[in-house]
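User: Please examine the model shown below and answer some questions about its architecture.

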Amino acid sequence: MIKKSVNILLYSLLPLVFVASCSNQPTQNKTETVPPAAPKADTVKKPAAPVVVRPVNIDTVTPNRKYNDIARYIAGMKQLDRSTLPATLEKDTVWIRYSKNFTYEWGHADKVRLKPMATWAVTELAEQRKQNLDVFYPFSGPDILHANVLFPQAKHYHLYGLERAGALPELAKMKTKDIDAYMTEVYGSLDDILTKSYFITKNMLNDLQKNNVNGTLPLMCIFLVRNNYEIVNVKYYHLNDDGTDSPLNKDSVPAHTNDFVKVYFRHPGDTGIQVASYMKCNMVDVEIQKNIGLMAFLNKMPVSTTYIKSASYLLHNPTFSVMRNAVLKKSASIVQDDTGVPYRYLPSKDWKLTFYGNYIKPVSSFPSGFYQLDLQKAYHIGDSLKLVKPLPFSLGYHWGSNYQNLIKAERKS
């Protein structure tokens, strides 16, 4: 194994980071142990049932193969014919060792998690795949990987996190020692998601602030090429105050609030192009309410399929009510684990619910107040037992065990 440049420490976050987090991690914070009370009927307005509309891919893009060449190299994959990169890069001993180790780790994750997920989704998410709406993935960090496995045909994936977007490395301009350091840092950045299925925000914020692996974009591109996609182009944009976006200057990197990146990709030989957007943002109420552009975008956002996992129970907090309400208003379906929208916000009169796996109390890193007794009853009492289906893969904080859960919530018309 390649020696990591930084040690992976046991994670714990200050209360402020726990409340403001926009990515995925357990936390040791014990200051809030009781979740907010269930909403009162006379204070919560039921959103109008959204009309399901098919997304329109309005982006046009000119292919630039350098992004695919770079992505394949940092993913430990051999270069293709007529690569824009020097052929000598593949002879580097650190890269050869990295490629071998990463291919092994990826193969293991693919066997025990990704392939079972893909097979499961063919039947269990058949309706969502048929609708083929945009995928809205708050608190995702760079995890395009699992969203793409579950919803492989989506035209647009919208990802958000606390980490900056960054840029792909200019390998042709880097010295060998710098490339070697980069590959070592990439390997360390991917450790959590390959072994546990989620990123740990504390580790991500540390790993992705370096001069080399300087953001989420490299990891997103690695996931896509490893999932057998071709990176067509990478472009940067700014989210305007009216919720629209405008392109930034060529090759500029997101540096200001509401700057973000779009990765354009496709299967080799396909003509249709898919898009994965990533924006650094803080979705805690006090911050998101000040973000005029993001609020406008959420209001205009088309009806989507929302995916949430390993989200630190943030939507259980009263301080994340804006994002919780946006999910409830804009989702035709929600696919989530128990860290997403609390069960009490998904009444049977509004949502058709299907339960998968096993629900038990949250891992010890989280306050006991996030345990949902009503969800426990839904999994274990009376007629609800008939609605619980097996979950043939491990995905979430109880990684490596049989105590994972997923909930599929489909809006009733």
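This is a predicted model: local features need pLDDT of at least 70, side-chain atom pairs count only at pLDDT 80 or more; totals for chains, interfaces and linings use all residues.

User: Which strands are the edge strands of the open sheet?
Analyst: The 11 strands form an open sheet with mixed pairing, in the order S4-S3-S5-S6-S2-S1-S7-S8-S11-S9-S10. An edge strand pairs on one side only, and this holds for S4 (245–247) and S10 (388–389). The edge strands are therefore S4 and S10.

User: Which residue stands opposite Asp245 in S4?
Analyst: Strands S3 and S4 run antiparallel and are joined by three bridges. Within this pairing, the residue opposite Asp245 is Leu239.

User: Why is strand S5 described as largely enclosed by the rest of the structure?
Analyst: Residues point two ways from S5: Asp259, Val261, Val263 and Phe265 to one side, and Phe260, Lys262, Tyr264 and Arg266 to the other, all of them buried. Strand S5 spans residues 259–266, and it is largely enclosed because the number of its residues that are buried is eight of eight.

User: In S6, which residue is the bridge partner of Phe265?
Analyst: Strand S5 is joined to S3 by eight bridges, and these two strands run antiparallel; in that pairing Tyr237 stands opposite Phe260. Strands S5 and S6 also run antiparallel, with six bridges between them. On the S6 side, the partner of Phe265 is Gln274.

User: How many residues of S2 are buried?
Analyst: Both faces of S2 are covered. His156, His158 and Tyr160 are buried on one side, and Tyr157, Leu159 and Gly161 are buried on the other. For the strand at residues 156–161, the count of buried residues is six of six.

User: Which helix joins S1 and S2 in making a right-handed β-α-β unit?
Analyst: Strand S1 (residues 135–137) pairs with S2 in the parallel sense over three bridges, and Val135 stands opposite Tyr157 in S2. The right-handed β-α-β unit is made by S1, S2 and a helix at residues 144–150, namely H5.

User: Which elements do the buried residues of H11 pack against?
Analyst: Helix H11 covers residues 292–300, and Gly293, Leu294, Ala296, Phe297 and Leu298 are buried in it. These buried residues pack against strands as well as helices. The elements are S1, S2, S3, S6, H10 and H12.

User: What is the volume of the largest cavity?
Analyst: The model has two cavities of 30 Å³ or more. The largest is lined by Tyr313, Asp337, Asp338, Thr339, Leu395, Gly396, Tyr397, His398, Gln404 and Asn405. By class, this lining has three nonpolar, five polar and two charged residues. The volume of the largest cavity is about 50 Å³.

Methods:
Residues are numbered from 1 along each chain as its sequence is written. Side-chain values use heavy atoms; hydrogens and water are left out. Buried means under 20% relative accessible area, exposed over 50%, partly exposed in between (1.4 Å probe, protein chains only). Helices (H or I, at least four residues) and strands (E, at least two) are DSSP runs, numbered from the N terminus. Two strands pair if DSSP finds at least two bridges between them. A crossover is right-handed if, with the strands pointing away from the viewer, the path from the first strand over the helix to the second runs clockwise. On a 1 Å grid over the protein atoms alone, a cavity is a set of points where a 1.4 Å probe fits but cannot get out, and a pocket is an open set with protein on both sides within 12 Å along at least five of seven lines; lining residues have an atom within 4 Å of a point. Grid points are joined across faces, edges and corners, and a volume is the space filled by probe spheres set on the points. Ala, Val, Leu, Ile, Met, Phe, Trp, Tyr, Cys and Pro count as nonpolar, Asp, Glu, Lys and Arg as charged, and the others, Gly among them, as polar. Contact means heavy atoms within 4.5 Å.
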